[in-house]
Amino acid sequence: MKKKIISTVLSVTMAASLAGCALAPNQDEGGAAATGDGELQVGIVLPTRDEPRWIQDEASFTSILGDAGFTSEVLFSQGSSATELTNVESLIEKGIDVLVICAQDATAAAQAVEVAHAAGVEVICYDRLITDTDAVDYYVTFNSFDVGVQQGQYLIDAYAGQTDVPLYLYSGATTDNNAFIFFAGAWSVLSEAVANGQFTVANCDAIEPYIGQTLDVTADHEALSNILGTITTNWDFNTAKSLAEANLVANDASLKGDVAILAPNDGTARAIADAFNADADVTSFVVTGQDCETASLGYICSGLQSMTIWKNTASLASTTCDMVNAILSGGTPSTSTTYNNGVSDVPSNETAVTVITLDNINEPVDAGYVSASDIEGYPG
């Protein structure tokens, strides 16, 4: 594989990384920074343009990689593993040396990265680990287990001293390895709270054999698959709302009242909150989220969502850029941990996350991550 030596020193600040909506120097409208020889160094494949989270990632990559002197192009899979493979093949044809990919489907994406490896391209999994293949060189992610821990602990703290609080559990897509990690993290703290009588699980019979136990993503994958299969939102607003409504119809008033809700991300949190808010037998609810979406910050201001996890995409893109720089300079990226993808322990880097509530909602605003004027009901 050809290596292009990059002399640019990475010195990325938050302000610079969040200026990604402006085109980097020598960059065209399609997202690729042009070079004299027309060669493309880094290909980036993200799941969809239809969610705010991934638009933020695109902006961060465009800014950070461009400012650091890399040529790059971002393509979106739009929910299709077939499109994802086509995107990867297209980027390979353009001569990329490094593929950064956030998989649409953790297992199906193995084919795409194997094609990349066969072409001599090094692969960095971004935010979602691709499983059951050895064609993954590195993984960069937020601490996904800690995301779940923070969500679960928030519910525990919100209902400290209470007993028999109905607990509704929801998860992300079963095709996304992160959904397993998020849930395992949350259950690592919620399990004991259920066993001790603080919570009563209201919508997931499949979890009952594991009350008082923790679940390991690798060793207990089949059990987690069965559990998540009954509570999956598929990361989809409409699916989440329909499932929540079905759960509420199936339960009587004894499993309503004041309730705790583990929602996996902001989009599903808003959908689930809408469903619970419309049920006359639900007097109050505490619901988790993640991604720090502007709409969910508005829900937090109105009291319909309780918290979100801020995963600063600019920081994650910056960490990825450091790894790209090491690879293209002929070196080996420094890593801090490993993640097992079912075939190998993948060298990885983790980025910390922050819990955002009404009390510190100013933090992502002050950092320039979101605009206060875009947050409905912002108190600042």
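Helices H6 and H7 are roughly perpendicular to each other in this predicted model, because an angle from 65 to 115 degrees counts as such, and theirs is about 95°. Helix H6 covers residues 177–195 and helix H7 covers residues 221–231, and where the two pack their axes lie 11 Å apart. On the H6 side the contact is made by Ala179, Phe180 and Phe183, and these meet His221, Leu224, Ser225, Ile227, Leu228 and Ile231 in H7. Sorted by class, the residues of this contact are seven nonpolar and two polar, with no charged residue among them.

A second pair of helices, H9 and H10, meets in another way. Helix H9 runs over residues 266–277 and helix H10 over residues 294–302, and their axes come within 9 Å of each other while crossing at roughly 40°. The two helices are therefore oblique to each other, and the crossing in which H9 passes H10 is left-handed. From H9 the residues Asp266, Arg270, Ala273 and Asp274 take part, and they meet Ala295, Ser296 and Tyr299 in H10. The contact of H9 with H10 divides into three nonpolar residues, one polar residue and three charged residues.

In H2 the residues concerned are Arg53, Gln56, Asp57, Ser60, Phe61, Ile64 and Leu65, and in H11 they are Thr313, Ala314, Leu316, Ala317, Ser318, Thr320 and Cys321. Taken by class, the contact of H2 with H11 holds seven nonpolar, five polar and two charged residues.

Leaving aside residues up to four places away in sequence, aspartate 137 touches His117, Val121, Glu122, Val123, Val346 and Pro347. Two of these neighbours are also reached by its side chain at stated distances: a polar contact of 2.8 Å joins the side chains of aspartate 137 and histidine 117, and the backbone nitrogen of valine 123 is reached by the side chain of aspartate 137 at 2.7 Å. As a further point of reference, cysteine 102 stands 35 residues from aspartate 137 along the chain, and the C-alpha atoms of the two are separated by 14 Å.

These details can finally be set within the whole protein, which contains twelve helices and 13 strands. Along its principal axes the C-alpha trace spans about 70 × 45 × 30 Å. The radius of gyration of the protein is 21 Å, and this agrees with a compact globule, because a globule of that kind with 380 residues would have a radius of gyration near 21 Å.

Key. Residues are numbered from 1 along each chain as its sequence is written. This is a predicted model: local features need pLDDT of at least 70, side-chain atom pairs count only at pLDDT 80 or more; totals for chains, interfaces and linings use all residues. Side-chain values use heavy atoms; hydrogens and water are left out. Contact means heavy atoms within 4.5 Å. Helices (H or I, at least four residues) and strands (E, at least two) are DSSP runs, numbered from the N terminus. Ala, Val, Leu, Ile, Met, Phe, Trp, Tyr, Cys and Pro count as nonpolar, Asp, Glu, Lys and Arg as charged, and the others, Gly among them, as polar. A polar contact is a pair of N or O atoms within 3.5 Å; within protein, one must be able to donate a hydrogen and the other to accept it, and residues adjacent in sequence count only if both atoms are side-chain atoms. The radius of gyration is taken over C-alpha atoms; the globule rule is 2.2 Å times the number of residues to the power 0.38. Axes are lines fitted to C-alpha atoms, for helices over the stretch in contact, and angles run from 0 to 180 degrees between N-to-C directions. Angles under 35 degrees count as roughly parallel, over 145 as roughly antiparallel, 65 to 115 as roughly perpendicular and the rest as oblique. A crossing is left-handed if the near helix is turned anticlockwise from the far one by less than a right angle, and right-handed if clockwise.
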